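Here is my note on the model, as numbered points. Please read it with the structure open.

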Amino acid sequence: AASQPTVRRKPKRRSKRAITTGSMVSPTHPNPLSLISSGEDLVALVDSLFHRLSGDGVIDLGKFLESHDDVCKSCSLNSLDTAECKRLFRRFDVDQSGTLEKAEFKEMVQRLLLRAHFQQQKFGKGHFIVAGAGRFTDHYDELEVLGQGEYGVVTLVQNVTTQNMRVCKTISKPQTNLTPPEVQREVELMKKLDHPN
């Protein structure tokens, strides 16, 4: 008897848009903010959570406290303590019925997703320091030279608008052998400094 070749079938692939009923891991939404902006996936997440938590079409505080970890995981958020859960529940119980209806619960989930998004962001001083328009001397008065170094001069300056005192390091590009990336690195390091001395 001749042996027949083995036919291997590819396993069925799950839809990439599917959201599991467990955690919110969704291949099409790598971060919570994109889940908020996706209408149908947000609705699927809210429907799934609401269905699991509400026995009679509403979620009471006790049920929410029992399963808040599941809600937080679904929103990519660290677990909340009991006091925070109660505060959150009261905040979104708009009609003060002691229960959350689906629309109220959806608002809460959107807020938790937004909170998760901001928890994931790494903010530093560099995010808030921007290049000013115009010449430096339009915004600052030079008061005195504090020192000179290999790369340039350090000067005490005062902002003409706020009167805040700052230190300015001026790099003389022709006197240095710094490449443009090295100059940029020096600028980035200076942007991170915030020291009273």
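**Notes on the predicted model**

1. Asp70 counts as partly exposed, because its relative accessibility is 24%. Its side chain meets that of Arg52 in a salt bridge, at 2.4 Å from N to O. Arg52 lies in helix α2 and Asp70 in helix α3, so the pair ties together parts that are 18 residues apart in sequence. Arg52 is also partly exposed, at 32% relative accessibility. Keep in mind that this is a predicted model.

2. Now the overall layout. The chain has 7 helices and 5 strands. Along the sequence they run α-α-β-α-α-β-α-α-β-β-β-α. Of the 197 residues in the chain, 26% are buried. The chain exposes about 14200 Å², and carbon and sulfur atoms supply 52% of that area. Take the contacts between residues at least 6 apart in sequence: 43% of them join residues at least 24 apart.

3. Helix α3 deserves a look. It covers residues 61-74, which makes 14 residues. At 1.5 Å a residue it should span 20 Å, and its end C-alpha atoms are 18 Å apart, so the two values agree. The helix still has a kink of about 60 degrees, centred on Ser67. Just after α3, Ser76 takes a positive phi of about 60 degrees.

4. What does the buried side of α3 pack against? The partners are α2 (39-53), β1 (59-60), α4 (82-92) and α5 (102-120). The buried residues of α3 are Phe64, Ser67, His68, Val71, Cys72 and Ser74.

5. Next, the cysteines. How many disulfides are there? The count is 0. Cys72 is in no disulfide, and the nearest cysteine sulfur, that of Cys85, is 6.0 Å away. Seen from Cys85, the closest cysteine sulfur is the one in Cys72, and 6.0 Å is too far for a bond, because a disulfide needs the two sulfur atoms within 2.5 Å. Cys72 counts as buried because its relative accessibility is 2%. Cys85 is buried as well, with a relative accessible area of 0%.

6. Leu88 is found in helix α4. Buried or exposed? Leu88 counts as buried, because its relative accessibility is 0%. Leaving aside residues up to four places away in sequence, Leu88 touches Phe64, Leu80, Met108, Leu112 and Arg115.

7. The structure holds 4 salt bridges. Arg87 forms one with Glu84, the closest N and O atoms being 2.7 Å apart. Both residues lie in helix α4, 3 residues apart, about one turn of the helix. Arg87 is partly exposed, at 32% relative accessibility.

8. Glu84 also forms a salt bridge with Arg115, with the closest N and O atoms 3.0 Å apart. This pair links distant parts of the chain: Glu84 is in helix α4 and Arg115 in helix α5, 31 residues apart. Glu84, Arg87 and Arg115 are therefore linked in a network of salt bridges, since each bridge has a side-chain nitrogen within 4 Å of a carboxyl oxygen. Arg115 counts as partly exposed, at 25% relative accessibility. Arg115 is also one of the residues that Leu88 touches.

How values were computed. Residues are numbered from 1 along each chain as its sequence is written. This is a predicted model: local features need pLDDT of at least 70, side-chain atom pairs count only at pLDDT 80 or more; totals for chains, interfaces and linings use all residues. Side-chain values use heavy atoms; hydrogens and water are left out. Helices (H or I, at least four residues) and strands (E, at least two) are DSSP runs, numbered from the N terminus. The expected span of a helix is 1.5 Å times one less than its number of residues. The bend at a residue is the angle between axes fitted to the seven residues ending there and the seven starting there. Buried means under 20% relative accessible area, exposed over 50%, partly exposed in between (1.4 Å probe, protein chains only). Contact means heavy atoms within 4.5 Å. Accessible areas come from the Shrake-Rupley method with a 1.4 Å probe; for residues, only the protein chains shown count as cover.
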